[in-house]
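These are my notebook entries on a single chain. I set down what I looked up, entry by entry.

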Amino acid sequence: MFRAALSRFTAGVVLVTAHDPEEGPRGEDVGMTATAFMSVSLDPPLVMVSVRNGSRMDELLERQPHWAVSVLSEAQRHIAGRFAMKGRISDRLLFADMAVVRGEHTDAPLAVGALATLECRTEQRVTAGDHTLVVGRVLQAAAPAEESGPLTYYRGRYRTLD
């Protein structure tokens with residue numbers, strides 16, 4: 001019932017990314033789809049994302065303080081699905097054909113066409129049940145002029161506002 005009740009809460013969909021410089025000769029990009037993302041403070045500018053304990057992203061953000069967020073548009077449903085798959089292929093393959101730019105402050109990939117992008121530095125990590133809440137200070141934010149609406153998640157499915 002808990003899961004069913006929370007599925008009635010509409011959430012925005014973001015792609016959280018980070019660059020792991022220790023993985024391979026050129027490093028490796030890591031990404032995950034998240035709906036548990038929110039603004040925490042305007043002064044200083046803080047955001048929070050919830051990551052599953054023991055996940056690749058959790059392990060990376062434990063040692064890599066820089067990460068980024070791309071707020072996905074309704075046209076980017078395929079990106080959300082790609083990075084949310086269980087038992088998915090390697091992150092290197094997931095990013096292979098995706099249009100990204102590198103974050104100036106984080107070196108993390110930012111999705112081209114996103115409604116907004118944020119580059120962050122971890123300020124605090126709080127264990128909460130089977131997840132860790134990662135609070136990040138926003139180092140840079142951008143909101144390109146996009147005509148598309150946001151991608152949302154409601155009752156177990158990606159949706160648009162139409």
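Predicted model: local features only at pLDDT ≥ 70, side-chain atom pairs only at ≥ 80, totals over all residues.

**Entry 1. Surface and overall form.** Residues are numbered from 1 along each chain as its sequence is written, and side-chain values use heavy atoms, with hydrogens and water left out.

I then recorded four helices and 12 strands in the chain; helices (H or I, at least four residues) and strands (E, at least two) are DSSP runs, numbered from the N terminus. The radius of gyration is 15 Å, close to the 15 Å of the globule rule for 162 residues, so the chain is as compact as a globular protein of that length. That radius is taken over C-alpha atoms, and the rule is 2.2 Å times the number of residues to the power 0.38. The C-alpha trace spans about 45 × 40 × 35 Å along its principal axes.

Of the 162 residues, 41% are buried. Buried means under 20% relative accessible area, exposed over 50%, and partly exposed in between (1.4 Å probe, protein chains only). Among contacts with a separation of 6 or more, 62% are between residues 24 or more positions apart; contact means heavy atoms within 4.5 Å.

**Entry 2. The largest pocket.** I looked up the largest pocket and found a volume of about 1500 Å³. Of the 35 residues that line the largest pocket, T33, T35, A36, H131 and Y153 are the closest to its centre. On a 1 Å grid over the protein atoms alone, a pocket is an open set of points where a 1.4 Å probe fits, with protein on both sides within 12 Å along at least five of seven lines, and lining residues have an atom within 4 Å of a point. Grid points are joined across faces, edges and corners, and a volume is the space filled by probe spheres set on the points.

The elements that each supply at least two residues of this lining include α1 (2-6), β3 (28-34), β5 (46-52), α2 (56-63) and β10 (131-142). By class, I recorded 20 nonpolar, eight polar and seven charged residues in the lining of the largest pocket. Here Ala, Val, Leu, Ile, Met, Phe, Trp, Tyr, Cys and Pro count as nonpolar, Asp, Glu, Lys and Arg as charged, and the others, Gly among them, as polar.

**Entry 3. The second largest pocket.** This pocket holds about 150 Å³ of space. I listed its lining residues, among them H19, P25, R26, D91, R92 and R102. β3 and α4 (91-95) are the elements that give two or more residues to this lining, and α4 has the largest share with three. The lining of the second largest pocket has two nonpolar, two polar and six charged residues.

**Entry 4. Backbone exceptions.** Most residues other than glycine have a negative phi, and most peptide bonds are trans. I therefore looked up where the backbone departs from this pattern.

- D43 and P44 are joined by a cis peptide bond with omega of about 5°, and P44 is in the loop between β4 and β5.
- D107, not a glycine, has a positive phi of about 65°; D107 is in the loop between β7 (100-102) and β8 (109-111) and is partly exposed at 35% relative accessibility.
- R155 has a positive phi near 50°; R155 is in the loop between β11 and β12 (157-159) and is partly exposed at 43% relative accessibility.

Entry 5. Is D58 buried or exposed? D58, found in helix α2, counts as buried at 7% relative accessibility. Leaving aside neighbours within four places in sequence, D58 is in contact with V51, R52, N53, R125 and T132.

A141, in strand β10, is exposed with a relative accessible area of 55%. Residues up to four places away not counted, A141 touches T117 and L118. A141 and D58 are 83 residues apart in sequence and 23 Å apart in space, C-alpha to C-alpha.

V47, in strand β5, is buried with a relative accessible area of 7%. Beyond its neighbours within four places in sequence, the contacts of V47 include F37, W67, L118, C120 and V138.
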